[in-house]
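Notebook open, pencil ready. Let me write down what I look up, one entry at a time.

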Amino acid sequence: MEKKMPKGFYWGGSVSSFQTEGARNEGGKGVCIYDVRPMNPEFSDWNVAIDEYHRYDEDIALMKEMGFNFYRFSICWSRIIPNGTLDEPVNEEGVKFYNELIDKLLAAGIEPMITLVHFDMPYHLVKNYNGFASRYVVDCFERYARVCIERFGDRVKHWMSFNEQNLHGMMLRVSNAEEIPEGVSEAKHLYQVNHNVFIAHCKAVKALRELQPDAKFCGMAAVTNIYPYTNTPKNNLFAWQAYQYMNGFHVDVFAKGKYPDYMVAYLENRGWMPHFEEEDEELLKYTVDYIAFSYYRSNTITEGEFDLDRPYHEVVNEHIIKNPHCEANEWGWEIDPIGFRWTLNDLHNRSNLPVFVLENGVGWREDMTQEEVDAMLAAGKTIEDDYRINYHRDHIREMENAMFEEGVPCLGYITWGPIDILASMCNMDKRYGFVYVNRTNKDIRDLKRIPKKSFYWVSKVFKSNGEDLD
């Protein structure tokens with residue numbers, strides 16, 4: 001069998017608005033949750049990020065040089081509808097900004113994909129309605145989704161609602177719904193909020209089907225493969241259950257249009273089954289065109305069992321242990337390309353849909369003083385990030401194995417943060433990019449873009465459609 005990647009395979013990068021744009025108070029943008037949420041004082045803030053708002057021309061040119069034909073970005077809800085409400089006017093300055101970005105990407109031969117919500121939300125909806133705890137906010141999201149599809153859908157043919165949506169079943173922070181109603185357990189509240197997010201997602205799918213029926217909508221999960229630490233039957237069962245709850249649950253709903261039986265049993269046995277409004281069961285039937293996912297690492301867990309009091313993620317987290325067979329980066333994220341192949345197979349086989357890698361990469365500390373940056377450039381040198389090259393090479397090879405050896409239909413390989421960005425906790429120390437951005441947590445500097453060694457390697461890989469991995 002000839003092992004050639006399919007024509008039209010997507011290669012590119014993913015980012016979020018709050019980690020890239022900056023321009024906190026420009027362009028008619030309203031206040032978003034990231035503008036007011038307290039941050040670790042040792043890290044940065046989101047005011048400037050990497051100033052993508054003003055630097056898209058430069059960065060699109062770098063993407064084109066790297067061979068990108070795909071770029072996934074999120075829209076800042078507060079730039080489109082400043083307070084996020086149902087009746088306020090659309091901010092035309094925000095629409096103009098994203099229209100120009102989309103047009104510039106297309107002119108460079110790069111297909112855009114829109115993420116509607118990447119954990120972000122207008123602060124007004126957080127402060128006054130407790131985020132996605134409120135069905136009013138679900139309706140506000142539907143309005144926002146429809147505005148975006150109406151304004152951008154003539155050119156954007158790939159859409160997703162929520163970044164790593166399964167995280168909404170594990171932490172209230174990403175749903176901006178951290179106030180727990182009196183007399184309601186945290187777990188009961190968590191799974192009701194998670195359900196509301198499912199309904200918001202399905203309303204967006206419904207809107208796309210009505211407004212742009214030729215476009216594609218995906219469901220996305222953050223998938224972390226889970227291994228048993230020992231080979232006991234109990235440890236194997238616990239690892240399997242953990243994977244179903246933390247990864248499989250959302251993928252099954254995206255693909256099959258209903259809660260899977262194992263999840264109904266889990267929730268009903270604990271009194272945590274969410275309340276379904278009259279239309280919810282029908283809305284869930286708005287399924288997706290493909291399954292998208294992020295993959296960075298795998299986890300290993302010791303023997304355990306799920307109790308009746310704590311949400312599944314809390315139980316799993318206390319059993320995570322280092323895998324002696326995997327190397328890890330500074331933050332303990334274990335590097336496991338074979339687990340990536342396993343995940344590609346599982347997601348396709350459980351959904352019977354194509355899969356799409358929307359985030360993959362490795363975070364690494366690349367600290368340099370301004371003097372060190374100047375000396376490096378004066379000497380005609382760059383950052384020798386062979387660790388990043390090795391990570392991506394190994395993962396691309398295992399993706400190709402899943403495609404060629406197991407027949408997994410995969411649409412693309414999209415890297416996370418291809419130009420250095422602030423990590424999700426606003427930490428510039430943890431860098432993923434093929435391009436160094438000259439700033440630190442506290443020192444904004446000149447934000448100069450400096451291609452790393454991996455920049456030239458990934459350009460060769462993407463332009464050869466994955467054939468030249470050396």
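Which helices and strand each supply at least two residues of the lining of the largest pocket? I found helix H9 (233–256), strand S7 (290–295) and helix H12 (312–317). H12 gives the most, with 3 residues.

Some ground rules for myself. This is a predicted model, where local features need pLDDT of at least 70 and side-chain atom pairs count only at pLDDT 80 or more, while totals for chains, interfaces and linings use all residues. Residues are numbered from 1 along each chain as its sequence is written, and side-chain values use heavy atoms, with hydrogens and water left out. Helices (H or I, at least four residues) and strands (E, at least two) are DSSP runs, numbered from the N terminus.

Pocket entry. On a 1 Å grid over the protein atoms alone, a pocket is an open set of points where a 1.4 Å probe fits, with protein on both sides within 12 Å along at least five of seven lines; lining residues have an atom within 4 Å of a point. I noted about 1000 Å³ for the largest pocket, a volume being the space filled by probe spheres set on the points. Its lining has 38 residues, and Leu167, Met171, Arg297, Trp333 and Ser424 lie nearest the centre.

Sheet entry. I looked up an open sheet of 3 strands, in the order S6-S8-S9 with mixed pairing (strands pair if DSSP finds at least two bridges between them). Strand S6 (225–228) and strand S9 (320–321) each have a single partner strand, so one side of each is left without a neighbour in the sheet. S6 pairs with strand S8 (residues 298–301) in the parallel sense, over 4 bridges.
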